[in-house]
Amino acid sequence: MNITVNGKPEEISGPTSLMEFLRSREIRAEGVVIELNQDIVEKKDFTDIMIKENDKLEIVRFVGGG
């Protein structure tokens, strides 16, 4: 399945939830905001929403500093 992640084409093996996608990349859900096809997804929906062919994800990570 072909998708776009942060502007770059990527291929994933098949239907997967947003949460599974994050886990496969060792990204903590608590520290990100996900935009799926230009809509912000609430964290409570990460396990329910499935990524589909040609979806566009933007994943923004929070970084602390001082």
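**Notes on the fold**

1. Burial comes first. Of the 66 residues of the protein chain, 32% count as buried. Buried means under 20% relative accessible area, exposed over 50%, and partly exposed in between, with a 1.4 Å probe and protein chains only.

2. Some ground rules. The model is predicted, so local features need pLDDT of at least 70, side-chain atom pairs count only at pLDDT 80 or more, and totals for chains, interfaces and linings use all residues. Residues are numbered from 1 along each chain as its sequence is written, and side-chain values use heavy atoms, with hydrogens and water left out.

3. Overall size. Along the principal axes, the C-alpha atoms fill a box of roughly 40 × 25 × 20 Å.

4. Contacts and surface. Among contacts with a separation of 6 or more, 55% join residues 24 or more positions apart. A contact means heavy atoms within 4.5 Å. The protein chain exposes about 4,700 Å², and carbon and sulfur atoms supply 49% of it. The areas come from the Shrake-Rupley method with a 1.4 Å probe.

5. Secondary structure. The protein chain has one helix and seven strands. Their order along the sequence is β-β-β-α-β-β-β-β. Helices (H or I, at least four residues) and strands (E, at least two) are DSSP runs, numbered from the N terminus.

6. Pairings of E7. Strand E7 (residues 56-61) pairs with strand E1 (residues 2-5) in the parallel sense, over two bridges. Pairing requires at least two DSSP bridges between the strands. Val5 has Leu57 in E7 as its bridge partner. Strand E4 (residues 32-36) runs antiparallel to E7, and five bridges join them. Here Val32 is bridged to Arg61 of E7.

7. The hairpin. E4 also pairs with strand E5 (residues 39-41), antiparallel, over three bridges. Leu36 has Asp39 in E5 as its bridge partner. Two residues lie between E4 and E5 in this hairpin, and Asn37 in the turn has a positive phi of about 50 degrees.

8. The faces of E4. Which residues make up the covered face of E4, and which the uncovered one? Val32, Ile34 and Leu36 are on the covered face, whereas Val33 and Glu35 are on the uncovered one. In a regular strand the side chains alternate between the two faces of the sheet.
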